[in-house]
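Student: Please take a close look at the charged side-chain pairs, beginning with the surface as background.

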Amino acid sequence: MKIVLNNTNKELVNKVIEYGGKRVYECFQCGMCASGCPVASDTDHKIKRTMHQVLLGLDEQILDKKAIWLCTTCFMCLERCPQNAGPTEVVFALRRISAEKGIIPEAQIEVANNIYHLGHAVTVQKGIKLREKVDAPPLTTAGANKKYIHEIQKIVDSTHAGLLLKIRKDWKPKGDDVIACD
Amino acid sequence: MSLHATDYALYTGCIIPLRYPDIENSIRETMSLLGVNVYDMLGAGCCPPGGAFWSVEEMSGLVQSARNLSIAESMSKDVMAVCNGCFCYLKNSNMLLKSDQEKREKVNTVLNKIGRKYQGTISVYHLVEVLHDHIGIEKIKQSTKIKLDGAKAAVHYGCHLLRPSDHLMAENPEKPHKLDALVEALGMESVYYPKKLSCCGAGGGMRGNNPDVTLRILEKKLMNIKYSEPDCIVTACPFCFLQFDLGQKGLRDRGEDFCIPVFYYNQLLGLSMGLPKKRIASLSETPRDGFIKKFYGVD
């Protein structure tokens, strides 16, 4: 049987290497990564397949499906890969490539805006009320003082992340739910 | 070994100070009773986590971590992280910046704009390492007044305390034992359950992006935990804690029967030391009062 691959992007693998997936070439498709993956059986994120797609240059299949954003970053695949090919690092690299194309989920945008405007991944006012309820000492972290938040804004503004994460000056937090973290 | 084994810069992160400040109280008060001084890191921001900044650009994650590390450096104290995510990303950044001069220079060019500098003079530890390696099991045993004899705990390590192990070096990634030992120091039995090292399903942006999947992963984890019929779940990560606490409520709202009490380790340690429940273990959506009454005799 002859298989013909159309629309492959030969540059994808080099870009993945440049963006942090340095050892992607080491993958020999054993499947150890998927065997410990907590999301493999419940989502379209199939890490073994993703590694193969990178090597074949199938960037549209990877980026359009958005499945790379379903990785919980548990690092089990990276820990157990017998080739040390760093599958989680490949996912991070693909997320960075995806973000450059403007493909990024809402939760990432929301948590980044929280951090940029409040100094924390979650809203602060609810936290201050809870602290009073349990007699916790006054908050002293970034969320307690605008001067610290301005420091964070200044250093984030020195990177490309503001653009990639769609950080907006007129942003208002959506609510007090904890949306995304480690 | 640490700079001063009894002095740490307390990096609280986001979830503990702003959603579960009772956990923060439990850490401050138990550490004090164990003779360890923790100092506030004034102005510390989000670590930041892998789900957001690291996922789009390495430098944006590094500069924020470096800012946090520089705060601890200015205090001449090692960092004690009390969240797995914070521990993983702060320790990883610290190692990267210590070993890569080019990255360090780039980061310092940015930090210079806010009058800060990363120097690479401190280390990052997880609370579990401080308790187990620096304080020691014997001292913890001696500090408790109430023994939890007969109580069974399902220990959940969480991902970012263990992996990637070549960076974190906090535990044996396939056979960790420190949190189990700490739990057993309280008199409890740490029970076996299948896939103990698997993810709770919260991280990487999953909880925010896909509520259905996050609950499905949690449900599998809880089914494995239920296998050993524990009296409670114990973790030392606030995001895992949140996932077990709010996630079980989410599953109950869908008509499923999951109601296992969840504790951050220092909450149980504090209760065993005789500290009051209101300050150290009163905020949760999944009820814990039954456990506290049964094993501590406190209403």
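Tutor: Patches are built from residues with over 30% relative accessible area and no salt bridge, like charges being joined within 9 Å and nonpolar side chains (Val, Leu, Ile, Met, Phe, Trp, Tyr) within 5 Å. This is a predicted model, in which local features need pLDDT of at least 70, side-chain atom pairs count only at pLDDT 80 or more, and totals for chains, interfaces and linings use all residues. Residues are numbered from 1 along each chain as its sequence is written, and side-chain values use heavy atoms, with hydrogens and water left out.

A:Met1, A:Ile3, A:Leu5 and A:Leu56 make a nonpolar surface patch of about 500 Å². Of these, A:Leu5 lies in the segment before helix H1 (12-18) of chain A.

Over all chains there are 23 salt bridges, each a side-chain nitrogen of Lys or Arg within 4 Å of a carboxyl oxygen of Asp or Glu. One of them pairs A:Asp157 with A:Lys169 (3.9 Å, N to O). This pair links helix H9 (residues 146-157) of chain A, which holds A:Asp157, to the segment after helix H10 (161-164), which holds A:Lys169, twelve residues apart.

In chain B, the side chains of B:Arg28 and B:Asp40 meet in a salt bridge at 2.9 Å, N to O. B:Arg28 belongs to helix H2 (residues 21-33) and B:Asp40 to strand S2 (residues 37-40) of chain B. B:Glu29 and B:Arg279 form another salt bridge (2.8 Å, N to O). Because B:Glu29 lies in helix H2 and B:Arg279 in helix H16 (residues 277-280) of chain B, this pair ties together parts 250 residues apart in sequence. Finally, salt bridges with shared partners join A:Arg131, B:Glu24, B:Arg28 and B:Asp40 into one network.

Technical notes:
Chains lettered and ligands numbered in written order. Areas by Shrake-Rupley, 256 points an atom, 1.4 Å probe, with all protein chains shown as cover. Helix = DSSP H or I, 4+ residues; strand = E, 2+ residues; numbered from the N terminus.
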